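Please read it beside the sequence and the coordinates.

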Amino acid sequence: MCFSVPWARRKRIKRLEFDIRDNPSAGNYEELGNLYMDDGKLALAREAFNKAIAARADTPDTYYRRGVCALQLGDAVAALPDLERVVMKEPDYDFRRAAGLLAHAYALTGQKEKAEALFRHVTVASTLSETYMNFAALLAAVGNNAEARQWAQKVLDKRPTMPGYLRRRERPWFRSASKFLRKNSG
């Protein structure tokens, strides 16, 4: 089911919160976690995924989403084992976003060489703007500003050939790339 309308999503969240009292299954917690994520309630989503995993949910998606929540909440250390588990099991998971986020988590936890190696591996096949920008941030942090600017420019180079709906979705990354290039010019 798709709950792109906020009121429908909130209604489903309320229903699941009620249903979990009688049926605290892994599936119910996973769905609740997904809905919380879509609603921007990352701490609640992370807790729901914790409960899903405790109830024997061992699908890569549950670990992946818990890792994404941890990373977005600024807890890269907690994200590492979840993302490593997913990437070890399925290296191409979510169009290689999982591997890109794992590389970002390595960078955030000070494992720069490991992060750079994984970013280089992932960017061979991935064109995700998020991955490009995270790689650019790592390169700038280690003093490789020229290459960092190239990766940020690749994000902007995609804009002219994208259909309108993708340009709208990618708008935050275009802004981030433009800001990055202004900040790291010269």
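**Notes on the model**

1. Serine 129 touches Val155, Lys158, Glu170 and Trp173 when residues up to four places away in sequence are left out, a contact being a pair of heavy atoms within 4.5 Å. The model is predicted, so local features need pLDDT of at least 70 and side-chain atom pairs count only at pLDDT 80 or more, while totals for chains, interfaces and linings use all residues. Residues are numbered from 1 along each chain as its sequence is written, and side-chain values use heavy atoms, with hydrogens and water left out.

2. Serine 129 lies in helix H8, where helices (H or I, at least four residues) and strands (E, at least two) are DSSP runs numbered from the N terminus. Its side chain is joined to that of lysine 158 by a polar contact of 2.7 Å, and a further polar contact, of 2.4 Å, links the side chains of serine 129 and glutamate 170. A polar contact here is a pair of N or O atoms within 3.5 Å; within protein, one must be able to donate a hydrogen and the other to accept it, and residues adjacent in sequence count only if both atoms are side-chain atoms. Serine 129 is buried, with a relative accessible area of 2%, on a scale where buried means under 20%, exposed over 50% and partly exposed in between (1.4 Å probe, protein chains only).

3. The largest pocket has a volume of about 470 Å³, and its lining includes Ser129, Lys158, Glu170 and Trp173. A pocket is found on a 1 Å grid over the protein atoms alone, as an open set of points where a 1.4 Å probe fits, with protein on both sides within 12 Å along at least five of seven lines, and lining residues have an atom within 4 Å of a point. Grid points are joined across faces, edges and corners, and the volume is the space filled by probe spheres set on the points.

4. Which helix supplies the largest share of the lining of the largest pocket? That share, 4 residues, comes from H10, and helix H8 (129–141) and helix H10 (164–183) each contribute at least two residues to the lining. By class, the lining holds 4 nonpolar, 2 polar and 6 charged residues, with Ala, Val, Leu, Ile, Met, Phe, Trp, Tyr, Cys and Pro taken as nonpolar, Asp, Glu, Lys and Arg as charged, and the others, Gly among them, as polar.

5. Asp94 is also listed in the lining of the largest pocket, and its backbone deserves a look: phi of aspartate 94 is near 55 degrees, a positive value in a residue other than glycine. Aspartate 94 lies in the loop between H5 and helix H6 (97–108) and is partly exposed at 32% relative accessibility. Phenylalanine 95, found in the loop between H5 and H6, has a positive phi of about 55 degrees although it is not a glycine, and it is exposed, with a relative accessible area of 71%.

6. There are 12 salt bridges, counted wherever a side-chain nitrogen of Lys or Arg is within 4 Å of a carboxyl oxygen of Asp or Glu. One of them joins arginine 46 and aspartate 75 (2.8 Å, N to O). Because arginine 46 lies in helix H3 (residues 42–54) and aspartate 75 in the loop between helix H4 (60–72) and helix H5 (76–89), this pair ties together parts that are 29 residues apart in sequence. Aspartate 75 is partly exposed, at 26% relative accessible area. Salt bridges that share partners also join Arg9, Asp39 and Lys41 into one network.

7. In helix H1 (residues 6–22), glutamate 17 and lysine 14 are 3 residues apart, about one helical turn, and they form a salt bridge whose closest N and O atoms are 3.8 Å apart. Glutamate 17 is partly exposed at 28%, whereas lysine 14 counts as exposed at 57%. Aspartate 19 and arginine 15, both in H1 and 4 residues apart, meet in a salt bridge of 3.2 Å, N to O.

8. For the chain as a whole, there are 10 helices and 0 strands, and 44% of the 186 residues count as buried. The C-alpha trace spans about 60 × 35 × 25 Å along its principal axes.
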